[in-house]
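Please keep the sequence and the model at hand while reading.

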Amino acid sequence: MASGREKAYAYLKDTVLTDPEMQGAFLSEQELADRIGVSRTPIREALLLLAAEDLVELVPKRGARVTPLTGREVRELMELRGVVERYAAQQLVAAERVPLEELRSLLERQRALTGAEDTREFIAVDHRFHASLVSAVGNALLDRHYDSLRSRQVRAGVVAVYNQQGRQEAVLDEHEAILAALAGGDAQAVCAAIDHHLESTLKVLLAG
């Protein structure tokens, strides 16, 4: 059973920090404690963990503030994702063990989540699409490194969808292009499709 701190940490990271309306907002410890069903102590402990990850800012006498993604941070996130995802694609294509069925299944699930109310779930599946590609390499250290980007990746994805009408449909097209290149066994085309996908997301976020 998860501890109070673990429950608070997971809720804050997966629900509160990914809410576009909470970017830059101050958090109420008591409100969060009531919502999660824990005391304020686990909330404080979770906030300390998130502060260590630079996901929240602890402001003296004011409390914890959700740290908005800066332009520099978004650029660095996309750059790092590109390095990892291109490497994974190249390894999998060379070894002929691309998880095509899993990726197709995730893409089809995304297609059923294009309503405004489905945005967070859409982006959660988006992350799983990319994470599945990385995890198929079978490098545990690489998996942990990529997973450490998850909160920022989900936050960026949700904000991008909110920032641009039709972004969900564009993401589906971009994922389809990645999948088609993977199915064709063309590592160069896969890398180009990944780059296009990440660059498109970056442009939307910077246009914000």
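Which residues in α4 meet which residues in α8? In this predicted model, local features need pLDDT of at least 70 and side-chain atom pairs count only at pLDDT 80 or more, while totals for chains, interfaces and linings use all residues. Residues are numbered from 1 along each chain as its sequence is written, and side-chain values use heavy atoms, with hydrogens and water left out. On the α4 side, E73, L77, M78 and R81 meet R152, Q153 and A156 of α8, where contact means heavy atoms within 4.5 Å. The residues of this contact divide into 3 nonpolar, 1 polar and 3 charged.

Two packed helices are described by the angle between their axes and the distance between the axes. Here the axes of α4 (residues 71–95) and α8 (residues 150–163) come within 11 Å and cross at roughly 115°, and the two helices are therefore roughly perpendicular to each other, a term that covers angles of 65 to 115 degrees.

M78 also belongs to the residues with the most contacts inside the largest nonpolar core, together with L103, L133, L182, V190 and I194. This core has 42 residues; such a core is a set of buried Ala, Val, Leu, Ile, Met, Phe, Trp, Tyr and Cys residues joined through side-chain atoms within 4.5 Å, buried meaning under 20% relative accessible area with a 1.4 Å probe, protein chains only. The elements that give two or more residues to this core include α5 (100–111), α6 (119–135) and α9 (167–183), and the largest share, 8 residues, comes from α4.

Leaving aside neighbours within four places in sequence, L103 is in contact with V98, F129, S132, L133, L179 and L182. A second, separate core of 18 residues includes L27, I43, L47 and V66.

Conventions: Axes are lines fitted to C-alpha atoms, for helices over the stretch in contact, and angles run from 0 to 180 degrees between N-to-C directions. Helices (H or I, at least four residues) and strands (E, at least two) are DSSP runs, numbered from the N terminus. Angles under 35 degrees count as roughly parallel, over 145 as roughly antiparallel, 65 to 115 as roughly perpendicular and the rest as oblique. Ala, Val, Leu, Ile, Met, Phe, Trp, Tyr, Cys and Pro count as nonpolar, Asp, Glu, Lys and Arg as charged, and the others, Gly among them, as polar. Buried means under 20% relative accessible area, exposed over 50%, partly exposed in between (1.4 Å probe, protein chains only).
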